[in-house]
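This report covers a helix, salt bridges, ring pairs and charges over rings. Please look over the model first.

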Amino acid sequence: MDSDVNHNTQKKAAVINDFTSFGRCSLAVTIPILSAMKVQCCPVPTAFFTNHTGFDSFAWTDNTSHLDDYIAEWRKLNLRFNAIQTGFLGSREQVDFVLRFLAAFRTPETIVCIDPVMGDYGKLYPTYDKHLAESMRGFLDVADILTPNLTEACFLADAPYRTDFTDAELAALCEKLAARHADRIVISGIPRGDTLVNFIYETGRGTSLCVEPRIGADRSGTGDVFSSVILGDAVNGVDFATSVCKASRFTAAAVRRSVELGVPEKDGLAIEEVLLSLLGD
């Protein structure tokens with residue numbers, strides 16, 4: 001069965017990530033951000049959480065057994081996507097699903113954005129065993145855009161984690177990641193004194209930095225907010241370095257407003273307060 005869903009100019013992005021109902025992370029922030037950027041978000045939920053795992057208690061449902069239904073049904077609709085993004089993945093089976101999804105829907109024009117949500121502060125998350133973590137390196141062969149933090153970049157490049165990388169060393173790290181496919185990489189949230197640095201690497205175009213002041217304590221969903229803006233801009237054809245700086249400013253504005261409102265760190269970023277700044281871009 002063919003469908004009229006592709007016979008228009010509205011842009012679409014398929015986003016493979018979990019849906020967390022409270023805590024403002026993953027699909028719960030990506031959907032409104034892409035909508036504000038005039039991109040239709042087509043979510044592929046890998047799991048459903050009552051609230052994110054940073055809380056003392058949570059309930060969740062694994063959706064792995066239903067994921068291939070998205071491929072089967074969306075192929076019937078002849079759907080095409082301007083971009084495909086991955087976020088948190090909970091098992092090797094889900095990694096394999098992503099590769100099947102890309103095989104089914106990727107075209108030469110599709111932008112593949114990989115947000116390798118794996119760990120922070122030099123350690124992988126408890127959900128990542130050795131085999132799952134190593135399987136994530138396979139995404140280096142398919143990613144057009146990579147948005148790791150420093151921990152994730154070091155692991156994917158099989159490099160020792162440090163917090164004192166020079167810009168030249170970060171460039172070499174990105175060159176290693178880009179050698180297999182990706183031509184646009186940002187290593188996000190690198191702490192330098194009272195600032196957070198986003199290091200931008202583009203094959204053939206060199207490197208640059210976006211620097212924002214460090215505001216308050218870490219908050220859940222910050223990386224999801226950051227990568228969602230980059231995804232929307234990629235679909236809309238915005239220059240990568242420009243997009244990273246825009247994502248940095250938007251994320252910082254959301255953090256600042258959250259602090260002003262006294263929003264608890266576990267409740268994530270109050271993106272509702274600043275979402276209108278994305279309209280009209």
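Which side chain meets glutamate 169 in a salt bridge? The partner is arginine 162, at 2.8 Å from N to O.

## Basis

This is a predicted model, where local features need pLDDT of at least 70, side-chain atom pairs count only at pLDDT 80 or more, and totals for chains, interfaces and linings use all residues. Residues are numbered from 1 along each chain as its sequence is written, and side-chain values use heavy atoms, with hydrogens and water left out.

## Salt bridges

A salt bridge is a side-chain nitrogen of Lys or Arg within 4 Å of a carboxyl oxygen of Asp or Glu. The count comes to 17. Glutamate 169 is partly exposed at 31% relative accessible area; arginine 162 is also partly exposed, at 31%. Here buried means under 20% relative accessible area, exposed over 50%, and partly exposed in between (1.4 Å probe, protein chains only). Arg162, Asp164 and Glu169 are linked in a salt-bridge network.

Aspartate 183 bridges to arginine 184, with the closest N and O atoms 3.1 Å apart. Aspartate 218 bridges to arginine 214 at 3.9 Å. Aspartate 218 is partly exposed at 45%, and arginine 214 at 37%.

## Helix H3

Helices (H or I, at least four residues) and strands (E, at least two) are DSSP runs, numbered from the N terminus. H3 holds 14 residues, 92-105.

Gln94, Val95, Phe97, Val98, Phe101, Leu102 and Phe105 are buried in H3. Down the axis of H3, the buried residues fall within an arc of 155°, so they line one face. The arc is that of the directions from the helix axis to the C-beta atoms.

## Aromatic pairs

Rings of Phe, Tyr and Trp (its six-membered ring) pair if their centres lie within 6.5 Å; planes under 30 degrees apart count as stacked, over 60 as edge-to-face, the rest as tilted. The structure holds 11 such pairs. Tyrosine 70 and tryptophan 74 are edge-to-face, at 5.5 Å and 90°. Both lie in helix H2 (residues 67-76), 4 residues apart.

Phenylalanine 81 and phenylalanine 105 have ring centres 5.5 Å apart and planes at 75°, so this pair is edge-to-face. Phenylalanine 81 lies in the loop between H2 and strand E4 (83-86) and phenylalanine 105 in H3, so the pair ties together parts 24 residues apart in sequence. Ring pairs link Tyr70, Trp74, Phe81, Phe97, Phe101 and Phe105 into a cluster.

## Charges over rings

A charge sits over a ring if NZ of Lys or CZ of Arg is within 6 Å of the ring centre and within 35 degrees of the ring normal. Arginine 137 lies over the face of phenylalanine 155, at 4.2 Å from the ring centre. Arginine 162 lies over phenylalanine 165 at 4.4 Å.

Key
The expected span of a helix is 1.5 Å times one less than its number of residues.
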